[in-house]
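Biologist: I would like to go through the terms used for this model and see what each one rests on. Please show it first.

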Amino acid sequence: MFARKSKLPLLIPFLPLLAVFLLFVKGGAQDNDASDIIRKAEDRMRGKTSISTMRISIVRPKWTRDMVLKNWTRGENYSLSLITEPARDKGTVFLRRDKEVWNWVPSVERVIKLPPSMMSQSWMGTDLTNDDLVKQSDMKSDFTHTLLGKEMSGGVNCYKIRSVPREEAAVVWGKIVHWISVEDYIQMKAEFYDEDGYLVNTFVADKIQMMGGKKIASRLEILPAEKNGHKTILEYLSLEFDAPLSEDFFTTQNMKRVK
Amino acid sequence: MVVRPLFVAIWLFFVSLLADAQSEPKNLTLRGYVKDLRILSFSEDSSGNSRSLQQNFIHNRLNLRYAPSQHWEGALELRNRFFYGEFLKYYPPGASYGSFLEPDPGMLDMNWSWIDNSNLVAHTAIDRMWVNWSNEKWDLRLGRQRVNWGQNLVWNPNDLFNVLNFADFDYEERPGMDGIRVQRYLSGSSAIEAVWQFNREPTERSAALRYRFNFKSYDIQLLGGRYRQNWSLGTGWAGNLKGSGLKGELTAFIPDNDSLKEQFLASVSWDYSFRKGTYVHTSFLYNSRGLGDIARLSQLSGSSGGQLDVQTLMPNSWSVFGQVSHSFHPLLSTSLAAIWAVDLGGIFIMPQIGYSLRQDLDLSLVGQGIIIDDNGVQNLGSALFLRLKWSF
């Protein structure tokens with residue numbers, strides 16, 4: 001049956017991008033201190049390939065739904081995601097190769113090609129869309145960064161940086177404020193404001209630990225503004241960088257084999 | 001008869017793996033679901049009196065997989081259904097509901113109604129039983145399996161072996177076919193595939209080849225071979241047109257028996273997803289051998305058992321499908337789908353609501369109705385389905 005059960009699965013091919021987006025925003029090549037800090041935060045998470053297990057929880061005042069995914073990524077253009085929980089969706093696989101997205105549906109034993117417009121759906125109650133994520137991570141010099149000072153966030157001393165998009169940049173945000181740890185350059189918090197200056201989303205990171213040979217914040221909360229008790233939590237259960245994953249791993253025939 | 005021993009060998013493979021299961025539990029997985037389905041169907045008899053009938057059944061599926069090594073995997077999947085309710089009493093002894101369910105379309109009879117009386121019918125069918133061997137380049141599967149060659153989401157003229165029935169929403173797995181499939185991967189996105197389908201009836205046997213590749217972000221396939229008493233030739237694709245999806249399938253059937261007619265089937269579909277999550281999908285089907293038989297429209301209904309094959313996707317020539325779905329709430333999904341049989345003046349409507357009660361517990365309410373405009377609008381029959389599904 002092809003009636004879409006929920007929006008969530010359609011967004012899975014882009015989850016690895018969200019994690020990237022959360023942990024660092026790509027900075028420009030300016031040589032001021034703020035850009036340097038942003039770049040160092042970004043470099044922390046950089047790896048040619050990654051294999052991770054991630055739990056994503058949608059929390060609402062009256063209910064919670066969890067999903068566990070195994071993700072394989074190569075650069076920004078190749079990703080493969082396998083749902084391992086809940087039982088209802090277990091075995092479902094999403095493959096993204098650049099702009100093409102496929103979905104393996106185990107109950108009908110078929111690979112279904114998804115239309116690219118599914119990329120512009122909003123992301124589970126947040127105002128973030130897959131398109132934003134893709135564009136965001138493509139743009140190298142769309143923001144100017146200003147160091148506002150130092151501030152504690154999540155019990156860690158952080159640089160507080162304001163990033164404002166350049167006038168010509170096609171960015172949906174009016175500004176983004178980042179908190180990046182002084183010691184390890186880990187992004188601990190980010191606030192996203194719309195063009196009228198209203199807070200839209202807050203991203204909060206915690207659970208700093210060593211994963212895949214790097215010290216990272218392994219848990220991220222997305223809190224939409226003005227929606228009390230609503231949040232989305234992403235947590236890395238495992239993470240490994242630079243595993244040997246060739247382009248041939250990211251093929252429709254491999255969707256049926258991954259475990 | 002070489003085939004029967006082969007199936008027995010597969011069966012033995014499973015028996016032995018079950019015996020072995022305790023020593024290597026991580027290679028063995030058991031999954032499935034239990035569904036409670038209540039169907040209330042309404043119809044009008046010839047004198048215009050309406051009558052309703054309630055059917056109830058519990059539907060359990062078990063998917064057992066065993067992968068002893070990287071190269072080998074086996075599957076045994078079955079469904080158990082337990083029917084109860086007043087509708088069983090309408091089947092006379094000797095032509096009971098259980099006997100209506102029994103025929104197995106495959107090589108080996110793996111369909112049993114093991115309780116069959118006017119209060120309860122218990123039925124078990126094994127619809128997958130295969131052994132698979134694969135490496136980097138090859139993939140071989142022997143046994144009862146599903147071979148799904150469709151590209152569209154509703155009508156699949158390319159799907160020679162296990163055609164989908166959109167209306168039969170409670171059995172998306174579909175019955176398997178008995179045979180052999182060999183796949184040879186040529187590159188990351190291209191492959192050649194050969195399938196032989198066995199059957200007790202020589203006129204029901206099929207064998208076909210498929211070649212698929214990716215060209216400029218279009219998945220394209222070419223296929224041909226024997227389909228029952230026909231030669232068949234077809235092509236299909238799945239690609240993108242700006243933000244939307246564009247898929248299509250064409251197949252021609254040329255019989256080698258003068259009593260049969262040539263047939264050409266073509267289906268094209270388009271889908272698009274809006275930013276706020278509304279999904280729209282439309283599809284067209286042309287069938288050169290449309291019979292114009294209004295009564296056969298009722299084959300679409302999910303409650304009729306809905307056994308379609310690729311040559312009987314629709315009984316008529318020109319059909320249009322439309323669907324809009326939207327998620328108003330993260331736990332709630334809604335969809336409205338309709339099939340318009342243009343040359344029959346008939347419409348099949350299927351609204352659906354799904355709600356996630358708990359993590360693995362889903363409730364759905366589905367309606368199906370067929371209306372025709374034959375000197376005044378007439379209701380050919382309608383049904384309501386209430387389903388509770390627990391997945392494990």
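Biologist: What share of the contacts in chain A with a separation of 6 or more is accounted for by residues 24 or more positions apart?

Modeller: The share is 48%. A contact here is a pair of residues whose C-beta atoms, placed from the backbone, lie within 7 Å. For chain B the corresponding share is 52%.

Biologist: What kind of model is it, and how are residues and chains labelled?

Modeller: It is a predicted model, in which local features need pLDDT of at least 70, side-chain atom pairs count only at pLDDT 80 or more, and totals for chains, interfaces and linings use all residues. Residues are numbered from 1 along each chain as its sequence is written, while chains are lettered from A and ligands numbered from 1 in the order in which they are written.

Biologist: Why is Phe392(B) called partly exposed?

Modeller: A residue is buried with 20 or more other C-beta atoms within 10 Å of its own, exposed with 12 or fewer, and partly exposed in between, the C-beta atoms being placed from the backbone. Phe392(B) has 13 such neighbours inside 10 Å, so it counts as partly exposed. Buried residues make up 34% of the 392 residues in chain B and 43% of the 259 residues in chain A.

Biologist: Where is Phe392(B), and which residues is it in contact with, leaving aside neighbours within four places in sequence?

Modeller: Phe392(B) lies in the segment after β19 (377-391) of chain B. Its contacts are Ala87(A), Arg31(B), Gly32(B), Tyr33(B) and Asp360(B). Arg61(B), 331 residues away in sequence, is 9.9 Å from Phe392(B), C-alpha to C-alpha.

Biologist: How many helices and strands does chain B have?

Modeller: Chain B has two helices and 19 strands. Both are DSSP runs numbered from the N terminus: helices are H or I with at least four residues, strands E with at least two. By that definition chain A has five helices and 13 strands.

Biologist: What makes β4(B) and β5(B) a pair?

Modeller: Pairing takes at least two bridges found by DSSP between two strands. Five bridges join β4 (residues 111-116) to β5 (residues 120-134) of chain B, and these strands run antiparallel. They form a hairpin with three residues between them. One of the bridges links Asp116(B) to Val121(B) in β5(B).

Biologist: How many residues does each chain give to the contact between chain A and chain B?

Modeller: Chain B gives 39 residues and chain A gives 38. On the chain B side, β13(B) gives the most, with three residues.

How values were computed:
Two residues are in contact if their C-beta atoms, placed from the backbone, lie within 7 Å.
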